[in-house]
Amino acid sequence: MIYGLSKKLTLLRQQNKLSQSEVARRIGVSSSAVSAYEADQISPSLETLVKLANLFHVSTDYLLGVDYPRDKAVLDTSGLNKQQLTVLQDLIDIMK
């Protein structure tokens with residue numbers, strides 16, 4: 001079992017106001033599988049884990065409980081234009 005995954009999945013599902021059946025339908029598994037994930041009886045496959053992360057807009061690392069040191073944090077800037085990147089870099093420089 002993946003420590004903490006069951007609680008995270010339950011919380012994410014409830015926060016998104018989804019039933020286990022709806023989660024199951026969206027990720028292509030049975031309702032009983034989602035129930036078993038939340039009961040910590042079985043762990044999802046890697047493919048299903050990725051689908052869950054995409055559904056809930058979280059990283060697989062979050063679901064797996066991977067914690068990065070603060071000095072190694074990664075920021076996805078792929079959606080920012082050049083001006084926004086410049087502003088972000090200025091803010092980072094100020095906070096150093």
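Trainee: Okay, how many cavities of 30 Å³ or more does the structure hold?
Mentor: First, this is a predicted model, where local features need pLDDT of at least 70, side-chain atom pairs count only at pLDDT 80 or more, and totals for chains, interfaces and linings use all residues. Residues are numbered from 1 along each chain as its sequence is written, and side-chain values use heavy atoms, with hydrogens and water left out. A cavity is a set of points on a 1 Å grid over the protein atoms alone where a 1.4 Å probe fits but cannot get out. With a volume being the space filled by probe spheres set on points joined across faces, edges and corners, the count at 30 Å³ or more is one.

Trainee: Which helix gives the most to the lining of the largest cavity?
Mentor: Lining residues have an atom within 4 Å of a point, and here they include Val 34, Tyr 37 and Glu 38. Helices are DSSP runs (H or I, at least four residues), numbered from the N terminus. Helix 3 (31–38) and helix 4 each supply at least two lining residues, but the most, three residues, comes from helix 3.

Trainee: At what angle do helix 1 and helix 4 pack?
Mentor: Axes are lines fitted to C-alpha atoms over the stretch in contact, and angles run from 0 to 180 degrees between N-to-C directions. For helix 1 (residues 5–15) and helix 4 (residues 46–56), the axes are 11 Å apart and the angle is about 35°.

Terms used:
On a 1 Å grid over the protein atoms alone, a cavity is a set of points where a 1.4 Å probe fits but cannot get out, and a pocket is an open set with protein on both sides within 12 Å along at least five of seven lines; lining residues have an atom within 4 Å of a point.
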